[in-house]
Amino acid sequence: MTDDGAEVANETPTIAARTAFRRFWPLTKGLRKPLLVVWVCTVLAALAETKAILLFGDLTDHALQKGSLAAFWSPAGTWLGVAVAGAIVAYLGNSLAAWVTERFVLRLREHVFDHVQKLPPHFFQRHRQGDLLSRLTSDVEAIETMVVSGLVGAASAAFSALFYAAAACWLRWDLAAATFVLAPLFWLAARRFSGSIKDVSRAGRVADGAITSVVAESLDNIVLTQAYDRRDAERRRLHREATAWFRASVRSVRLNEAYEQLVQVIETVCVLAVIGIGAWEISTGRMTLGQLLAFSAFLGYLYPPVRGLAQLGLTVTAATAGAERLIEVLDARPSVTDPPQDTGTGRPDGLVEVRDVGFRYPGADRPALDGLSFSARPGELVIVTGPSGAGKSTVAKLLLRFYDPDAGDILLDGAPLRDFPLARLREYVTLLPQETLVLHDTVRANIACGRPGASDRAIEAAARAADAHDFIGRLPDGYDTRIDPSSARLSGGQLQRLAIARAILRDSPVLVLDEPTTGLDASAAQRVVQPLRQLMGGRTTIMITHDLGLAPAADRILVVGQGRIVETGRHDELLARGGLYHRLYRAQADTAPDRAGFAAPAATTGEAYPVPGQETPTVGLSAPGYGYPTPYAPAAP
Ligand SMILES: Nc1ncnc2c1ncn2[C@@H]1O[C@H](COP(=O)(O)OP(=O)(O)OP(=O)(O)O)[C@@H](O)[C@H]1O
C-alpha cells in the first residue's frame, strides 16, 4: 500500500479544454449526424418558443387590453399548435441527445478499457486500482459533459440566445441594445470563477480515486486488517482521503453557489433596467404594455441560454480535470505491440531459446536480467531457481512477452517472440502464474477459459487429468458451481488444480510455471505434483520455483542470481559440484524436513537461500506477483 496513486495523480499534466476536446472528438465518429439532428431539434424548439412569445405579446395587446374574446381564438389556436409542435420536436431532440451521449460514454469507456488491458504489469503496480476505477467511471462521464452534452448545449444555447436576442431587437432594438450592454457581466463572472472551479474539480477527482483505492485495498486486505486489528489505521486512511473529498465538494458547491447568486444579481439589474426604460417608453406612448411584456419574456428566455453558456464554460473547465486523468492513462504506452504483419507460421514444436537477454524495468536503476542464456526443447523440464529478487519471475514475463528484452533475443522455434501476434503467442505459451487467478464465474467457465468453446467432455477430461474432477463433483452444483472471491469454497490446492485443468485444456506447446507449489502445504503440494506431471508431458516446461521438490526430474536447472545464471546442470551434477545449488538444496532440506512426496523438502520463500554477495530484497507479506490485481486470494488449503 503506497501513496503512489496520489503522487501519480498530482503529477497529472494540466491541459487546456480545447486540447482535451480535440483529443476525444474523434470518438464521436458515426455520432455526428445524430448530433446534428439534435441540434436542429433544439433550434426548432427555440423557434417555437420565440413564436409563442410573440403570440403572447399579440394576445396581451389585442385580446387582453381591449377585452376582446374574438381576438383571442386565432392567436390562441396558433399558440397551441406551435406549443405541441415544439413539445414533439423537443422530445425527439432530447431522446436522441440521451442516446448519443450514452453511446459516447459507452464507446469512450470501452476505448479506455481496451487500452488499459494492453498496459504492462508495472503500470498496475504504479497506479492504485481504485484510482483507475474512478478514472474509468466518473472521469469518463465528465468527458461526455465536455464533448457531447457540452457541444450540443453550447450550440443550442448559442442559437437560442441568438433567436431571443434577434426577436428582442425586432421588437425594440434600442431597448435590446441597452440590456445587451450588461451581457459581458455574465462572461466576466464566469471567468472570475473558472480557475478555482478547475482546481477544486481536480482535487475532487483525485480524492474520489483515492477513496475508491483505500476501500478496495482495505477490502482486499480484510484478513490482514482483522488479524492485526488494523481497523483504526484503515479508518484513518479513509478519513484522510474522505476529508480531502469533503473539502473539495464543499468548496465546489460554495463556488458554484457564489457564481449562481452573482448571476442572479446581474439578471435582476438587467430586468430592472428594462422595466425602468419600458415604463418611461410606455408613459411617452412609444410602446404598448404587450410589447413590454413580450420583450421582458424574451429577456426571461434569453438569460438562461446566456447564463448556460457561461455555466457551460465552468462545466467544461471542471470536465477538463477528468480529461487530464484519462489522457494520462491513454498516453501510457503498452510495452509490447503486435508485429506489423503476421508471418502466419503454424503451431510451433516448442523449442525455446533465450539468447544473451538483458532487461531493466522502466524506471529501475539496475537490470533485472543481464546476459541470460538458456534453451529448452519440447518435452524438457527446465527449472529456474535462485534467491528472491534474482529475476526468476522476470524470465516468465519475458517468455509471455509482457515486455521485450532490452538486449538479446528470445526465440520460439527459431522465430523471435516479437514476430508472433500477441494473441497467438499466448496461445502457444501458457503461463500458470504464482497467484491462482479465478474468474467470477462457474467452475466450468473457469476451466473453459483455457480454450473458449471447449466441449463439456473436453472440460471434464481436463479436470480429471488435473485431479480436480472428484472435488468438483462434491461441490453443490458440480461444474456449474459459481466461484467468487467471497465464497472461500475452494482451497489453494484445489484452485491450483483448477488452474492446471485450464492449462491442460489450453494444450499449448510451451508451459511457464511460476511457483506452482508456493503457498500450498505439504499435502496440497503433493496432490498437485501428479497433475503437474500430467500437464508437462510432451511440452516444453520452464518452471520458476524455490521449491526444489521436482528438481531431480528436471532436464536442466538454472540457478539465477542478480539477473545472471550462476550455475547450470542436472540436479545430481549440481549437487556433486558442491556450489550454490548444493547450499540452496541443503538449506531447503534443513528448513522443511518433512515434505512428503518430493525428492527433497521444500521451503517456499527465497529468504532461506543464503547467496553470498546477494542483497536480499525486503519481501512483503504476500509473495511478489505480476502486479495484476488478484481477484481471488486463495483460501488456506
Ligand atoms: N515492475 C518492476 N519495476 C521495477 N523493478 C522490478 C519490477 N518488478 C520486479 N522488479 C525488480 O526486478 C528484480 C527481479 O524481480 P523478479 O520478480 O524477477 O525476482 P524473482 O527472482 O522472481 O523474485 P521472487 O522469488 O521473490 O519472486 C528485483 O530486483 C525486483 O525488485
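1. The largest nonpolar core of this predicted model has 74 residues. A nonpolar core here is a set of buried Ala, Val, Leu, Ile, Met, Phe, Trp, Tyr and Cys residues joined through C-beta atoms within 7 Å. Buried means 20 or more other C-beta atoms within 10 Å of the residue's own, exposed means 12 or fewer, and partly exposed is in between, with C-beta atoms placed from the backbone. The residues with the most contacts inside this core are I383, I447, I500, A501 and V512. Helix α17 (residues 492-506) supplies the largest share of the core, eight residues. A second, separate core has 66 residues, among them A165, A203, L302 and I327.

2. On conventions, residues are numbered from 1 along each chain as its sequence is written. The model is predicted, so local features need pLDDT of at least 70 and side-chain atom pairs count only at pLDDT 80 or more, while totals for chains, interfaces and linings use all residues.

3. The protein has 20 helices and twelve strands. These are DSSP runs numbered from the N terminus: helices are H or I with at least four residues, strands are E with at least two. Of the 637 residues in the protein, 39% are buried. Among contacts between residues at least 6 apart in sequence, 81% join residues at least 24 apart; two residues are in contact if their C-beta atoms, placed from the backbone, lie within 7 Å.

4. I500 is in contact with L432, A466, P531, L532 and L535, leaving aside neighbours within four places in sequence. A462, found in helix α15 (residues 456-465), is buried, with 28 other C-beta atoms within 10 Å. With the same exclusion of neighbours within four places in sequence, the contacts of A462 are I447, A501, I504 and L505. A462 and A501 are 39 residues apart in sequence, and their C-alpha atoms are 4.9 Å apart in space.

5. The axes of helix α7 (residues 149-180) and helix α10 (residues 231-283) come within 9 Å and cross at roughly 150°. α7 is therefore roughly antiparallel to α10. Axes are lines fitted to C-alpha atoms, for helices over the stretch in contact, and angles run from 0 to 180 degrees between N-to-C directions; under 35 degrees counts as roughly parallel, over 145 as roughly antiparallel, 65 to 115 as roughly perpendicular and the rest as oblique. The contact is made by L175, A178 and T179 of α7 and C270, A273, V274 and I277 of α10. By class, this contact has six nonpolar, one polar and no charged residues. Ala, Val, Leu, Ile, Met, Phe, Trp, Tyr, Cys and Pro count as nonpolar, Asp, Glu, Lys and Arg as charged, and the others, Gly among them, as polar.

6. E241 also belongs to helix α10. E241 is buried, with 22 other C-beta atoms within 10 Å. Not counting residues up to four places away in sequence, E241 touches A207, A210, I211 and V214. E241 and V206 are 35 residues apart in sequence and 9.2 Å apart in space, C-alpha to C-alpha.

7. Two backbone points concern aspartates. D467, in the loop between α15 and α16 (469-473), has a positive phi of about 60° although it is not a glycine. D467 counts as buried, with 20 C-beta neighbours inside 10 Å. D507, in the loop between α17 and β9 (510-514), has a positive phi of about 55° and is not a glycine. D507 is partly exposed, with 17 other C-beta atoms within 10 Å.
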